[in-house]
Amino acid sequence: MYSHIIIGGGIVGLATAYAIQKHNSDASILILEKERELAAHQTGRNSGVIHSGVYYKPGSKKAELATRGSQRMMTFCKKHGIEYEQCGKVIVATNQSELEYLDILQKRGTKNGLNVRKMSREELRELEPHVNGIKALHVLEAGIVSYKKVADVLAELLIERDVEILLGECVTDIKTDTKKCSVDTNNSSFESEFVIN
């Protein structure tokens with residue numbers, strides 16, 4: 001019997017296992033992934049943006065977690081040799097009606113601890129010659145990474161720490177009682193104290 005069964009081998013499932021194992025090295029964790037490879041869905045197909053938190057209301061959990069998360073993601077990438085680029089991001093106003101929203105985003109970003117700089121049309125064209133806008137915000141903290149590569153490194157670290165990862169295991173049923181959870185897949189059955197789906 002495992003302490004935890006995690007359903008899904010994308011970045012959320014892998015990161016969840018990593019966090020559990022980091023806080024409790026005695027946890028026995030099983031990750032079940034229905035595909036024949038990890039990160040086969042959203043994780044492997046997303047835009048790869050490391051979000052800075054510029055859009056979120058200051059003081060909110062979203063702002064706090066996005067800001068802290070982007071810093072932690074880049075630190076993780078540096079530590080484990082994962083290529084990433086802190087290339088920044090421009091948010092562009094294409095007409096007068098969008099200028100007020102740029103002001104709002106600049107204030108939010110600044111309150112969230114970000115380096116947000118307003119840009120004139122000329123500065124925007126110098127930075128991004130193919131973008132047509134009247135003004136823009138430059139958010140220096142934003143970046144890009146291959147989350148598939150991040151997932152692959154997380155999987156390696158988990159396997160080194162005795163986390164079991166099974167591929168081709170499509171969950172078909174979950175039953176719970178007061179003492180355990182039973183998880184059936186297309187191939188087998190497993191038991192654990194907790195199931196995270």
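Which residue forms a salt bridge with R117? The partner is E123, and the closest N and O atoms are 3.4 Å apart. A salt bridge here is a side-chain nitrogen of Lys or Arg within 4 Å of a carboxyl oxygen of Asp or Glu. This is a predicted model: local features need pLDDT of at least 70, side-chain atom pairs count only at pLDDT 80 or more, and totals for chains, interfaces and linings use all residues. Residues are numbered from 1 along each chain as its sequence is written, and side-chain values use heavy atoms, with hydrogens and water left out.

**Salt bridges**

- The structure holds nine salt bridges.
- Buried means under 20% relative accessible area, exposed over 50%, and partly exposed in between (1.4 Å probe, protein chains only).
- K61 and E64 join through their side chains at 3.3 Å, N to O. Both lie in helix α3 (residues 61–80), three residues apart, about one turn of the helix. Helices are DSSP runs (H or I, at least four residues), as are strands (E, at least two), numbered from the N terminus.
- K61 is exposed at 56%, whereas E64 is partly exposed at 36%.
- D173 and K175 form a salt bridge, with 2.6 Å between the closest N and O atoms. K175 is partly exposed at 48%, and D173 is partly exposed at 28%.

**The three-stranded sheet**

- An open sheet of three strands runs in the order β5-β7-β6, with antiparallel pairing. Two strands pair if DSSP finds at least two bridges between them.
- β5 (89–93) and β6 (116–120) are the edge strands, each pairing on one side only.
- From one strand to the next, the twist averages 25°. Axes are lines fitted to C-alpha atoms, for helices over the stretch in contact, and angles run from 0 to 180 degrees between N-to-C directions.
- Five bridges link β5 and β7 in the antiparallel sense. A93 has K135 of β7 as its bridge partner.
- Helix α4 (residues 99–111) packs on the sheet and touches β5, β6 and β7. Its direction makes about 15° with that of β7.

**H138 in β7**

- H138 lies in strand β7 (residues 135–139). H138 counts as buried because its relative accessibility is 10%.
- Beyond neighbours within four places in sequence, H138 is in contact (heavy atoms within 4.5 Å) with residues including C87, N115, R117 and L127.
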